[in-house]
Amino acid sequence: MPDFVRRHRDRIALAAALLAPLAVAAALVPLRSTLTGAEVALVLVVVVVAVAANGHRPAGVLAAVSAAAWFDFFFTRPYQSFAIGKGEDIRIDILLLLVGIAVSQLAFRARRFRVVAITDAGHLSRLRATADVAQAAKSGDEVVGHVREQLVELLTLRGCRFEYGTLIGHPPRLTADGSVAVGRREWDVDRLGLPDEEIELRAYGNGRYLGRFMLRPTPGVTPPLEARLVAVTLADQAGAALGGR
């Protein structure tokens, strides 16, 4: 997914929620004499589901409201007005709104569960591959190199390097619970994103500090907590490989 789309996904979803029902309703206007109100409503429900499945919960609700409004505007008399003259049209419009909201929530939940399942499977595969590398590698450096590549991909980093030896300086630190510490305080990653400087991720083997991965975040990218926890586990695997050789 392009970086622009990733950074502005929520805004794009809201724009689609407003505009997609309008576009589809307007496209159906020439068929107004042949389609029943119920048929138009079903088409608009499909649009709501599509928006919700690819966006977030507010976008799904907004799409349902938009669909109901444009159904009223284009397909109930008097046309091109938000007034409704017939009781049957009122019932269809209300049902469209309620059904649209309900199915948008179901579509959003299905999308979220699908993403979680895919993400979990991807993380598990990453950890398993690293374990295989650690078992087959002839040196700890091979494992460190593999983990460095995995961290760049996992956290969408601009770069990553590994420092052996003693700690120098006090950069922000990715901790064991997935949080980021800046000095003695916790950095609010979800609200502020990652700090715009190198972040250390320490590697330990047999209880000893062996080195640290220095992570260079990409501006505007906020890795989720789950990804940060996997990153910590990858560093532990590298530390175990270094400590056992």
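This report walks through some backbone and side-chain features of the structure above.

## About the model

The model is predicted: local features need pLDDT of at least 70, side-chain atom pairs count only at pLDDT 80 or more, and totals for chains, interfaces and linings use all residues. Residues are numbered from 1 along each chain as its sequence is written, and side-chain values use heavy atoms, leaving out hydrogens and water.

Most residues other than glycine have a negative phi, and most peptide bonds are trans. Let us start with the loop between helix 4 (57-75) and helix 5 (87-136), where Pro78 lies. Helices here are DSSP runs of H or I with at least four residues, strands are runs of E with at least two, and both are numbered from the N terminus. The peptide bond from Arg77 to Pro78 is cis, with omega near -5°.

Gln80 lies in the loop between helix 4 and helix 5 too. Although Gln80 is not a glycine, its phi is positive, at about 55°. Its relative accessibility of 45% makes Gln80 partly exposed; buried means under 20% relative accessible area, exposed over 50%, and partly exposed in between, using a 1.4 Å probe and protein chains only.

Further along, Thr156 lies in the loop between helix 6 (140-155) and strand 1 (159-164). Thr156 has a positive phi of about 50° without being a glycine, and it is partly exposed at 30% relative accessible area.

## Aromatic pairs

A search of the whole structure finds ten aromatic pairs. Rings of Phe, Tyr and Trp (its six-membered ring) pair if their centres lie within 6.5 Å; planes under 30 degrees apart count as stacked, over 60 as edge-to-face and the rest as tilted. With ring centres 5.5 Å apart and planes at 85°, Trp70 and Phe73 are edge-to-face. These two residues are three apart in helix 4, so about one helical turn separates them. Trp70 is partly exposed at 22%, whereas Phe73 is buried at 17%.

Phe162 and Tyr164 also form an edge-to-face pair, 4.7 Å centre to centre with 80° between the planes. Phe162 is buried, with a relative accessible area of 14%, while Tyr164 is partly exposed at 45%. Ring pairs also link Trp70, Phe71, Phe73, Phe74, Phe75 and Phe82 into a cluster.

## A charge over a ring

The charged end of Arg32 sits over the ring of Tyr79, 3.7 Å from the ring centre. This term asks for NZ of Lys or CZ of Arg within 6 Å of the ring centre and within 35 degrees of the ring normal.
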